[in-house]
Amino acid sequence: MKFKALTAIAALLVAPMAMAGGADDDTLVVNEEIEIITKTAAPAHLSDALDEVISGWHFRKDPTQAMQADDFDNPGMLFVEQGLESWETAEGSEGKSCADCHGAAEEMAGIKPTYPKWNDAAEEVRTLQMQVNDCRENRMGAEPWKYDSGKAINMEALLSSVSRGMPMNVAIDGPAEAMWEQGKDLYYTRTGQLELSCANCHEENYGNYIRADHLSQGQINGFPTYRLKNAKLNGVHSRFKGCVRDTRAETYKPGSEEFIALELYVSSRANGLSVEGPSVRN
């Protein structure tokens with residue numbers, strides 16, 4: 001079994017090197033007005049690993065890139081519209097909608113780039129979906145949404161869309177540092193029968209081909225992401241789950257402490273890149 005695992009690793013990591021590609025030099029401007037930072041200097045905490053952080057958009061083919069550049073062509077915007085409907089719909093025992101407290105969704109611009117973040121009152125790191133559920137339960141008297149469920153992802157896509165073009169700025173110091181370190185450990189720990197870590201693909205082999213597709217740096221500033229592969233909007237925890245599963249390891253659940261920590265760490269790797277969600281990927 002050990003020999004087979006090592007053989008699989010060699011096939012995965014050596015073969016793609018024979019078909020090396022890389023990030024293109026195109027620029028992304030959404031709707032001809034929202035300038036997206038898709039390449040920038042790596043944040044200080046990545047200085048020993050990367051010089052530059054690059055959006056996954058650069059590793060996609062031209063037709064896919066073009067879909068993200070125009071909201072009329074971006075299928076993810078259909079889910080943003082559904083999120084807006086939820087934003088304006090009163091629910092729960094309090095008979096309130098999100099809009100009743102927060103106003104128009106555009107008023108939430110600048111929120112997405114800071115998540116996940118430490119919440120002093122709850123004494124925990126919260127993702128944006130967790131914060132939305134807290135509002136639903138404690139402000140609206142409504143049922144929380146299942147993590148990465150359709151309505152939860154639609155709402156996150158809405159909140160992401162109003163922050164497009166704003167740079168990611170996830171704090172990793174103070175009380176959030178311990179969970180950030182936990183996420184970093186997960187990122188660099190080899191798992192599964194294939195004995196692969198996130199870093200093996202997205203740090204050591206980005207730009208190379210795997211299964212006829214480019215490996216990106218695994219930046220998550222574009223989530224939620226519409227994937228052509230499954231024709232729906234995808235949450236980052238669901239993507240984490242799929243990646244861990246692909247190493248042939250027992251994976252964690254969306255919303256788990258492990259994936260919250262991993263989201264905090266990976267989000268911080270994108271600091272300086274623009275929020276893109278909903279993005280379009282393969």
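Eight elements each supply at least two residues of the lining of the largest pocket: α1 (2–14), α7, α8, β8 (213–214), β9 (225–227), α9 (236–246), α10 and β11 (279–281). Before going on, note that this is a predicted model.

Which element gives the largest share of that lining? It is α9, with six residues. In total 45 residues line the largest pocket, and those nearest its centre are His202, Leu215, Arg239, Cys243 and Asp246. The space in this pocket comes to about 1,200 Å³. Sorted by class, its lining has 20 nonpolar, 14 polar and eleven charged residues.

Now helix α7, one of the elements that supply the pocket lining. Helix α7 covers residues 177–188, twelve in number, and reaches 17 Å from first C-alpha to last, close to the 16 Å expected at 1.5 Å a residue. Which of its residues are buried? They are Met179, Trp180, Gly183 and Tyr187. Viewed down the axis of α7, these buried residues fall within an arc of 105°, so they line one face of the helix. The general rule is that an α-helix has 3.6 residues a turn, so residues three or four places apart point the same way.

The buried residues of α7 pack against β6 (124–126), α8 (198–202) and α10 (257–269). On the face turned away from that buried side, Ala178 and Asp185 are exposed.

Note on methods
Residues numbered from 1 in each chain as written. Predicted model: local features only at pLDDT ≥ 70, side-chain atom pairs only at ≥ 80, totals over all residues. Heavy atoms only, no water. Helix = DSSP H or I, 4+ residues; strand = E, 2+ residues; numbered from the N terminus. Expected span 1.5 Å × (residues − 1). Buried < 20%, exposed > 50% of the residue type's maximum accessible area, 1.4 Å probe, protein only. Arc of directions from axis to C-beta. Contact = heavy atoms within 4.5 Å. 1 Å grid on protein atoms, 1.4 Å probe; cavity = no way out; pocket = protein on both sides within 12 Å on 5 of 7 lines; lining within 4 Å. Points joined across faces, edges and corners; volume = space filled by probe spheres on them. Nonpolar A, V, L, I, M, F, W, Y, C, P; charged D, E, K, R; others polar.
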